Amino acid sequence: MSTEAGELLGIDPVELRFAFELNKQISCTLQLTNKTDKQVAFKVKTTSPKKYCVRPNNGIVAPRSTADVVVTMQAQREAPPDMQCKDKFLVQSAIVAKEIVPKEVTGDMFTKESGNVVDEVKLKVVYLTPSTQSEGYEDGSAGSLNYQEPLALISKLMEEKNSAVELNNKLRQELDLLRRDISRQHGGFSLVLVLVVAIMGILLGFLMKR
């Protein structure tokens with residue numbers, strides 16, 4: 001995992017990645033890591049506040065600890081051109097007194113006028129499509145194996161079934177010829193015929209189960 005290099009907070013991932021689907025809410029989690037020995041307050045802003053829900057959108061990260069922020073994109077009715085998103089996020093952080101609690105975090109803490117040590121990190125939004133989510137393939141040719149393998153298996157099974165049916169027909173013909181030959185000799189159903197029929201039955205049963 002890569003982390004954005006901020007002075008106060010480490011941010012992972014370095015960009016917000018959403019597996020885009022129409023008419024579906026999609027979430028992405030940011031992990032904020034306090035790299036200092038002091039208490040750090042944070043605030044998350046976006047250029048499209050109506051499109052995203054950020055929970056929590058502000059808070060406190062204790063010294064040398066982490067906090068998670070969940071960003072949820074509201075369900076979209078249409079996809080942007082070329083799946084390119086221009087939305088941006090801004091993570092502001094500031095060192096605050098240890099007495100400050102999360103509900104006391106305000107926007108004024110992140111201004112230069114506050115006198116606090118303030119840091120800002122910008123994050124972009126990336127929409128992932130099924131093609132960009134497939135890892136390890138440089139093009140679509142390798143991924144097509146997912147569809148080719150079942151088709152090849154089905155074709156092989158059909159060939160085996162046809163071979164079994166053909167062999168079954170041949171065995172039936174040979175059995176009929178053997179019965180006729182024995183009938184001509186007036187020998188009835190001899191022990192040899194019984195054994196042959198049993199062997200044929202076992203072989204046919206094995207072939208039909210494949």
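Visitor: How many disulfides does the count come to?

Guide: The count comes to 0 disulfides. A disulfide is a pair of cysteine sulfur atoms within 2.5 Å. This is a predicted model, where local features need pLDDT of at least 70, side-chain atom pairs count only at pLDDT 80 or more, and totals for chains, interfaces and linings use all residues. Residues are numbered from 1 along each chain as its sequence is written, and side-chain values use heavy atoms, with hydrogens and water left out.

Visitor: Why is C85 called buried?

Guide: Buried means under 20% relative accessible area, exposed means over 50%, and partly exposed lies in between (1.4 Å probe, protein chains only). C85 has 16%, so C85 is buried.

Visitor: What makes C53 count as partly exposed?

Guide: Its relative accessibility is 26%, so C53 counts as partly exposed.

Visitor: Why is D82 called exposed?

Guide: D82 has a relative accessible area of 69%, so D82 is exposed. The phi of D82 is near 60°, a positive value in a residue other than glycine.

Visitor: Where is D82 found?

Guide: D82 sits in the loop between β7 (66–73) and β8 (88–95). Strands are DSSP runs of E with at least two residues, numbered from the N terminus. M83 is also in the loop between β7 and β8. M83 is not a glycine, yet its phi is positive, about 55°.

Visitor: Which peptide bond is cis, with omega near 5°?

Guide: The bond from D12 to P13. P13 lies in the loop between β1 (9–12) and β2 (16–19).

Visitor: What kind of peptide bond joins R55 and P56?

Guide: A cis bond, with omega about -10°. P56 lies in the loop between β5 (52–55) and β6 (58–61).

Conventions. Helices (H or I, at least four residues) and strands (E, at least two) are DSSP runs, numbered from the N terminus.
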